[in-house]
Structures are given as structure tokens and as C-alpha cells.
Amino acid sequence: MKVMKFGGTSVGKPERMQQVAKLITTGSEPKIVVLSALSGTTNALVSIGEALAIGDKPLAKQIIDGLEAHYHAFIKNLLKNEAAIKKGEIIISEHFDFLNIILKISFNEALNKDILAQGELMSTKLFSTYLEEKGIDHALLPALDFMQIDANDEPYFDAIRVKLNRILQQHAGKKLFVTQGYICRNSKGEVDNLKRGGSDYTASLIAAAAKASVCEIWTDIDGMHNNDPRIVNKTIPVVQLSFEEAAELAYFGAKILHPTCIWPAQQEKVPVKLLNTMQPEAPGTTITQEAGSEGVKAVAAKDGIIAIKIKSSRMLLAYGFLRKIFEVFEKYKTAIDMVTTSEVAVSVTIDNDTHLAQILKELEPFGTVTTDKDQTIVSIVGNQIAQTPHILSKLFDSLLEVPVRMVSYGGSSHNVSVLVPSAYKIQTLQLLNKGVFGLE
Ligand code: ADP
Ligand code: ASP
Ligand code: MG
């Protein structure tokens, strides 16, 4: 079994969807195809929810109508025969009737999740209609029947594995399956999702659950590049990454992968490939257990970071101080990314400010607490970075003009991170591209 996931841009135009149909029908191995919503759809659905949350129904209606017109135009170019177009129209009407009904009822968070699910539901149904029109045998598997998250909003992997394999057995003999990325059910049985970009996570979970031979993530670029191609002019694809390197890059901002999507594939040792739908022959990036080559591979940046410093002379020679501080963050389910300590102070970073006020209040008894908002973690990832000649001197020489707030080195052998004010992010990425990768 092979898993192939296609992102928003890969299905965002009728001709791209047709290209996807070609890619999934080459080779004899059975396949599970995971689709995102058409590009732009989830953003529009988020805007509908935001408009409803502030009671702006006319704005919500305007976005719904614009999106509906887009889908009608889309199927006219995707489908050819009358019956298929009729079927496409019915699918679109069903989902837009739902969106129009919610304008009449009271809005809440659970309903918002239903709104967000419409994109993947529509893309897969329309794609399935196209496959049908082409006479391509397949089964459309509703992700809501097997993708599940627990009370902590984490994937409930054992349930996913059991349910998915049961469903696959019911379709013995089928060679092609299509399902939705991103959407799932939560512990209350309601429709929920795996957060923005979550279709990658779906693919990796399915690949692990079905013990697939490979998990292919098809997108609009030829693999993981050494730097953010949206920010830096000259970037090059990285041929090979280990699961750990890929996970670090995804977590620290490389948008090509969902932040936590690597662990399921890693757990079952399923190789992950990042491939380009528009350039299928390009080698892309292969992610496996082994790191492959040594040295620096890529840099990524994660915005929206808050640095918190707790300064106290009581920390001097004391033990248990760090535990007490970390317990405050644990209490508020707030993950810490970077930590640096001196004898009298500790600085940590968080990216979730939901409970910031409570956390700061509870830290006050430990010493003087200061915060720096609008920070960015820039993470340089590679294999055996510590052994890479001159890596630290290259890093710091490159960043002479940047006011680095924190440095984290030695936590693992494949990462060195610096914290910089977000206003310096672009400059930092550009300087590192030249100073560390020798690319201009
Ligand atoms: P999809 O819709 O297929 O899931 P995404 O937009 O989520 O695609 O991810 C692909 C995009 O990630 C690329 O178009 C690129 O702009 C961006 N990106 C950011 N950092 C990197 C990187 N280091 N390597 C490759 N792409 C990156
Ligand atoms: N459609 C969702 C999003 O835009 C999930 C995904 O594309 O991965 O975030
Ligand atoms: Mg994505």
C-alpha cells in the first residue's frame, strides 16, 4: 500500500486535479490518496467563521457566494459529460446549502469546525466524480469514519489503525482509495480537524496505520529546500533528511510540512517523500530513519514566539527551581520550545499565548519576570552539526548585525537555534543563506 497526499495547489485547478488522476493511476501498487481542500478554500471558510463570530452575516454571505461561484466554474472545466456535471452541481449545492443554513442558526465553535470541514469534503467528492467519469475504479472513504483525536486533541492512533484496517478489509480487492485530509472526529464525536496544514498529518497517520511502503506528500515545490523560498531568492532542494531533521524543520517553521506530521511515519519507519505535482520527475526529498549525509541541511523560521525571563538570586546554587518554573507551563498545557539558563536567570520561549497572563502571574513569586513578544526562532538543522567544521563561527559571523536574544546549541546533534526579534527574520534568513550555505 502506498499513500499519496495532494495539497491545495495540487488540486486547486481543474487541470491539476486531472494531472493528479494521472499520477495516482501509474504503477500497480494499491494506493490511498489523501486530498486537501482546493487552494484558498480553507482560508475562505476560516473567514466565514470569523465573520459569523463577530455577527457580520452579510460578510459571511458574500464569502459563501464568492466561493460557490468558484466551485461552479471549477467543475465546468473539470468534468465533461452531462451526468457528471449534474452530479458535481448536486455535490456543490449540498455543501453550500449547509453553509447558507448556518447563517440562520447561532454560531459556536463546534459549528465552526463543521464549516472548516466543507473544503476537504467537497474536493474529494468532486475528484471522485472525475475518477468515475474517467472510469477509474476507486472507493471514497469518509475520513470521519476512522480519523479520530482524543480529549487532548492528539490523534488517537490505536483507534485510527483498527478502524482504517477494518474499512480496508471491507473493500478487499480494491486498488484505489480516496479520502479527506485534515478532518477528523474529536472525543465527543463532533467534526474536528488536525489544525491548519493538517492533511500532511492525515497522510502520515494513514501511512503508519496501514504500514504503507511510502508516504508521498505531493505539493507545489520539488521537496524541502535549504531555506524558505518565499523569503530567500536562491534556495536548493535537500535530497535526503532523517525523520528527526524533517521533524525539526517542520516544527520550526518549514511550511511544506505540518509541524507534527513526521512522528507517525517515523514510528512505523515508513519513508516520506516530498514531491512536486507540477514536476513529477524531480527527485524531491526522501525522509528516512538514517540521516544520510552529514552537515548543515536547512534553516527554518517560526514566528509568533514570546520569550519569558525569570531572574532571581534565589536560583543561585538552588535545586528544584527549574522544575517549579516548568510546572507552571505544564499546568497551562503550554509547550516550551527553547530554554537557556544562567546562574541567576532562566529564559524560555513559548508560541501559545492563550494562558500568558495566568502563567506570568504564577511565575511572579519566583523572581523578576520580563517578556519579549514578536520574536522568531531561526533553527539550523543538519546531521552531526556539532562536528561540522566552523558551523558556529559561520553562524555568528553571519549574524553580526542581528540582535540575537537567545541561543540553543547541544540539545540535540542536529539543531542549533537562535531567537531574534521578528523584525530581523528576513535579514537573518538571507544572511544565513549566504554565510552558512554559500548561496546568494
Ligand atoms: P500544500 O498546499 O501542498 O500543503 P504548502 O503551501 O502547505 O503546500 O507547502 C508548500 C509551500 O511551502 C511551498 O510552496 C513553499 O512556499 C513553502 N515552504 C516554506 N519553507 C519551505 C522549505 N524550506 N522548502 C520548501 N517549501 C517551503
Ligand atoms: N485545507 C487545510 C488547510 O488549508 C488542510 C491542508 O491543506 O493541509 O489548512
Ligand atoms: Mg500544506
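These legends go with close-up views of a predicted model.

**View 1. Who sits around ligand 1?** Let's start with the neighbours: ligand 1 has 15 residues surrounding it. The closest are K5, T219, D220, H225 and K255. Sorted by class, this shell is made up of four nonpolar, six polar and five charged residues.

**View 2. Polar atoms that pair up with ligand 1.** Zoom in on T219, where an N or O atom of the side chain is 2.7 Å from an oxygen atom of ligand 1. With H225, look at the backbone instead: one of its N or O atoms lies 2.8 Å from a nitrogen atom of the ligand. G8 also takes part through its backbone, with a polar atom 3.2 Å from an oxygen atom of ligand 1. How much of the ligand's accessible area does the protein cover? On its own, ligand 1 has 570 Å² of accessible area, and the protein covers 86% of that.

**View 3. Helices α4 and α5, side by side.** Here you can follow α4 along residues 57–78 and α5 along residues 82–102. Their axes come within 10 Å and cross at roughly 170 degrees. An angle over 145 degrees counts as roughly antiparallel, so that is how α4 and α5 run relative to each other.

**View 4. The residues where α4 meets α5.** On the α4 side, the contact is made by K61, I64, L67, E68, Y71, H72, I75 and K76. Facing them, α5 brings I85, G88, E89, I92, F96, L99 and N100. What classes of residue make up this contact? Eight are nonpolar, three are polar and four are charged.

Conventions:
Residues are numbered from 1 along each chain as its sequence is written. Chains are lettered from A and ligands numbered from 1 in the order in which they are written. This is a predicted model: local features need pLDDT of at least 70, side-chain atom pairs count only at pLDDT 80 or more; totals for chains, interfaces and linings use all residues. Side-chain values use heavy atoms; hydrogens and water are left out. A residue is near a molecule or strand if one of its heavy atoms lies within 4 Å of it. A polar contact is a pair of N or O atoms within 3.5 Å; within protein, one must be able to donate a hydrogen and the other to accept it, and residues adjacent in sequence count only if both atoms are side-chain atoms. Accessible areas come from the Shrake-Rupley method with a 1.4 Å probe; for residues, only the protein chains shown count as cover. Ala, Val, Leu, Ile, Met, Phe, Trp, Tyr, Cys and Pro count as nonpolar, Asp, Glu, Lys and Arg as charged, and the others, Gly among them, as polar. Axes are lines fitted to C-alpha atoms, for helices over the stretch in contact, and angles run from 0 to 180 degrees between N-to-C directions. Helices (H or I, at least four residues) and strands (E, at least two) are DSSP runs, numbered from the N terminus. Angles under 35 degrees count as roughly parallel, over 145 as roughly antiparallel, 65 to 115 as roughly perpendicular and the rest as oblique. Contact means heavy atoms within 4.5 Å.
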